[in-house]
Amino acid sequence: MAAALGAILRRKCPRCRTAWIVPPQEYCGSCRRARDRARGTTAQRGYGAAWQRLRRQILARDPVCTLCGTRPSTEVDHIVPLHRGGLSAPENLRGTCKPCNAGWRGRA
């Protein structure tokens, strides 16, 4: 039964269109590795040791979500987004829980 279900859900990799994948995979193994290489490390994307230190400071300052006030803060959110000229300064950062941070996107 499980093998039959896997055969029904099987689809081609959206990147190379040659390898077959079964959900929840998004890409085949070789395409996933190529995507990860092109993406770069966390430090190359701007989330190195300095960001991790700042993130820990903000989560210590805001232990409870600043949006809902009920759940613990697990993520750091820019009040004014970087693409709108905001900075990664403590005054522009707040601690949020994952559901609030995901629901807040694009409304600042």
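Glu75 is buried, at a relative accessible area of 18%. Buried means under 20% relative accessible area, exposed over 50%, partly exposed in between, with a 1.4 Å probe and protein chains only.

Ground rules. This is a predicted model: local features need pLDDT of at least 70, side-chain atom pairs count only at pLDDT 80 or more, and totals for chains, interfaces and linings use all residues. Residues are numbered from 1 along each chain as its sequence is written, and side-chain values use heavy atoms, with hydrogens and water left out.

The overall layout. The protein has 4 helices and 4 strands, in the order α-β-β-α-α-β-β-α. Helices (H or I, at least four residues) and strands (E, at least two) are DSSP runs, numbered from the N terminus. Of the 108 residues, 26% count as buried.

Now strand β3, residues 75–78. In a regular strand, side chains alternate between the two faces of the sheet. Here both faces are covered. Glu75 and Asp77 lie on one side, Val76 and His78 on the other, and all are buried. Strand β4, residues 93–96, runs antiparallel to β3, with 4 bridges joining them. Strands pair if DSSP finds at least two bridges between them. Val76 has Gly95 as its bridge partner in β4.

Glu75 meets Lys98 at 3.7 Å, N to O. That pair links strand β3 to helix α4, residues 98–104, across 23 residues. Lys98 is exposed, at 56% relative accessibility. Asp77 pairs with Arg94, the closest N and O atoms being 3.0 Å apart. Arg94 sits in strand β4, 17 residues from Asp77. Both Asp77 and Arg94 are buried.

On to His78. His78 is buried, at 14%. Its side chain makes a polar contact with the side chain of Ser88, at 2.9 Å. A polar contact is a pair of N or O atoms within 3.5 Å; within protein, one must be able to donate a hydrogen and the other to accept it, and residues adjacent in sequence count only if both atoms are side-chain atoms.

Last, the core. The largest nonpolar core has 6 residues: Trp51, Leu54, Ile58, Leu59, Val76 and Leu93. Helix α3, residues 49–61, gives the most, with 4. Such a core is a set of buried Ala, Val, Leu, Ile, Met, Phe, Trp, Tyr and Cys residues joined through side-chain atoms within 4.5 Å.

Key: A salt bridge is a side-chain nitrogen of Lys or Arg within 4 Å of a carboxyl oxygen of Asp or Glu.
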